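Keep the selection tool at hand.

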Amino acid sequence: MIDRDLLARDARHVWHPYSRATAPPPLPVVRASGAYLHTPDGRAVLDAISSWWVTLHGHGHPAIAAAVAAQAAALEQVIFAGCTHEPAVRLAERLTSLAPAGLDRVFYSDDGSTAVEVALKIALQYWRIAGQDRDIIIAMEHAYHGDTVGAMSVSARGVFTAPFGAMMFDVARIPEPSSGDSLAALDALLDRDGGRCAALILEPMLLGAGGMRMYDAATLARIAHRATDAGVLVIADEVLTGFGRTGPLFACEHADVTPDLLCLSKGLTGGFLPLGATLLTSRIASTFDGRSPFGTLYHGHSYTANPIACAAALASLDLLDEACAERRDTIADAHRRGLATIRADSRVRAPRAIGTVAAFDLAGEVGYLSDAAAGLAAFALDRGVLVRPLGNVVYVLPPYCITDGELAHIYGVIAEWLDSA
């Protein structure tokens with residue numbers, strides 16, 4: 001039975017993210033394991049979106065759960081301004097050893113938005129310390145970097161950001177590569193204002209919330225190198241793409257690019273706890289030497305480097321082994337087969353995949369407010385699958401533990417909906 005009392009209490013007191021007042025009641029979940037969410041009425045629902053892209057290895061992975069329990073019994077929290085602890089230091093060592101060479105310092109925060117905020121503040125303050133008047137941030141059209149004010153400023157303007165326009169700073173925008181000539185636009189911008197440009201922020205290879213837009217490694221390399229050649233810092237937002245989502249551990253590896261700053265979150269803890277990390281080069285970090293009033297980064301969070309979250313992240317990194325890489329390759333193959341089963345449908349546009357992420361557009365109105373996929377989420381849920389289209393964009397982004405048969409079931413449900421719609 002559906003827990004009507006829970007839903008009634010929820011409706012009275014809880015405000016859910018990205019949910020309109022007309023949204024259907026939320027799905028009650030009592031436990032989760034592997035690729036499945038379990039409801040009070042005994043249903044098992046296949047999580048086709050990794051619970052907002054965070055669950056890497058599957059729900060309730062015993063190795064991560066054990067690490068969380070052990071750390072909670074030893075040290076659950078301590079202020080990180082003036083204190084340190086083994087899980088944070090060890091995680092920083094692991095992250096810098098895995099990230100593109102040269103990223104050897106870590107600033108911890110709470111989530112993806114705050115990891116981006118940290119990167120933006122570091123970039124702007126870096127140039128101020130250096131005595132250079134560089135205050136322009138370059139961002140891509142259709143980008144999404146988070147919901148805090150700085151992250152909104154470098155994200156696409158639209159229904160998400162419209163009420164807060166007066167709070168946000170202006171940025172210089174270039175087209176994202178799948179919809180325009182980003183290189184020509186970047187060259188023109190650098191020719192005109194290169195001396196004032198502080199940083200370029202981009203989502204390497206895959207723009208997530210902006211519509212699962214994908215572009216090629218050669219373009220990523222050219223964009224990053226042109227920015228670097230102009231002295232502009234490169235910020236890679238790998239909040240979604242990090243930890244193997246696009247194939248290699250980091251999407252920048254597709255193009256052999258080392259950014260100046262790298263933003264991580266979502267899958268960092270395997271989906272167990274919130275944690276953000278901004279990696280940067282020692283060249284940038286050493287500028288903040290405290291010898292001037294602006295030589296200190298005055299930024300921090302109450303739960304910065306929370307020991308339990310760091311322990312979860314270390315356990316999750318341990319699971320990113322060769323077997324996991326092989327499983328990600330298997331998922332990529334299954335996506336190609338799944339997309340092939342729906343490609344011929346007249347409503348399907350631009351079927352595409354990169355690593356463990358697959359997507360396609362639906363014919364009709366374009367954008368987040370499109371109703372082209374209206375009814376798919378409810379239809380799929382009735383058949384035991386959790387999906388959440390981005391307007392007219394349908395995507396599949398499963399945990400790495402998913403089986404080929406479970407992926408085939410997801411695509412079968414999508415095909416059934418297309419046939420019935």
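Two strands pair if DSSP finds at least two bridges between them. Strands (E, at least two residues) and helices (H or I, at least four) are DSSP runs, numbered from the N terminus.

Some ground rules for this tour. This is a predicted model, where local features need pLDDT of at least 70, side-chain atom pairs count only at pLDDT 80 or more, and totals for chains, interfaces and linings use all residues. Residues are numbered from 1 along each chain as its sequence is written, and side-chain values use heavy atoms, with hydrogens and water left out.

**Stop 1: the sheet.** Select the seven strands of the open sheet, in the order β4-β12-β11-β10-β7-β5-β6. Their pairing is mixed. On average, neighbouring strands are turned by 20° against each other, direction ignored. (Axes are lines fitted to C-alpha atoms, for helices over the stretch in contact; angles run from 0 to 180 degrees between N-to-C directions.)

Stop 2: Select β5, residues 136-140. This strand pairs with β6 in the parallel sense over three bridges. Pick Met140: the bridge partner in β6 is Ile174. Now show helix α8, residues 217-229. The helix packs on the sheet and touches β5, β7 (197-202) and β10 (233-237); contact means heavy atoms within 4.5 Å. The direction of α8 makes about 165° with that of β7.

**Stop 3: β11.** Is strand β11 (residues 261-264) buried or exposed on its faces? Both faces are covered: Leu261 and Cys263 on one side, Leu262 and Leu264 on the other, are all buried. Buried means under 20% relative accessible area, exposed over 50%, partly exposed in between (1.4 Å probe, protein chains only). In a regular strand the side chains alternate between the two faces of the sheet. β11 pairs with β10 in the parallel sense over three bridges, and Leu261 is the bridge partner of Ile235. With β12 (residues 276-281) the pairing is antiparallel, over four bridges. There, Cys263 has Thr278 as its bridge partner.

**Stop 4: a hairpin.** Select β13 (residues 348-354) and β14 (residues 357-362), an antiparallel pair with five bridges. Arg352 has Ala359 in β14 as its bridge partner. Two residues lie between the strands, and Gly355 takes a positive phi near 60°.

**Stop 5: Val159.** Finish in the loop between α6 (149-153) and β6 (172-174), the place of Val159. Val159 is exposed, with a relative accessible area of 52%.
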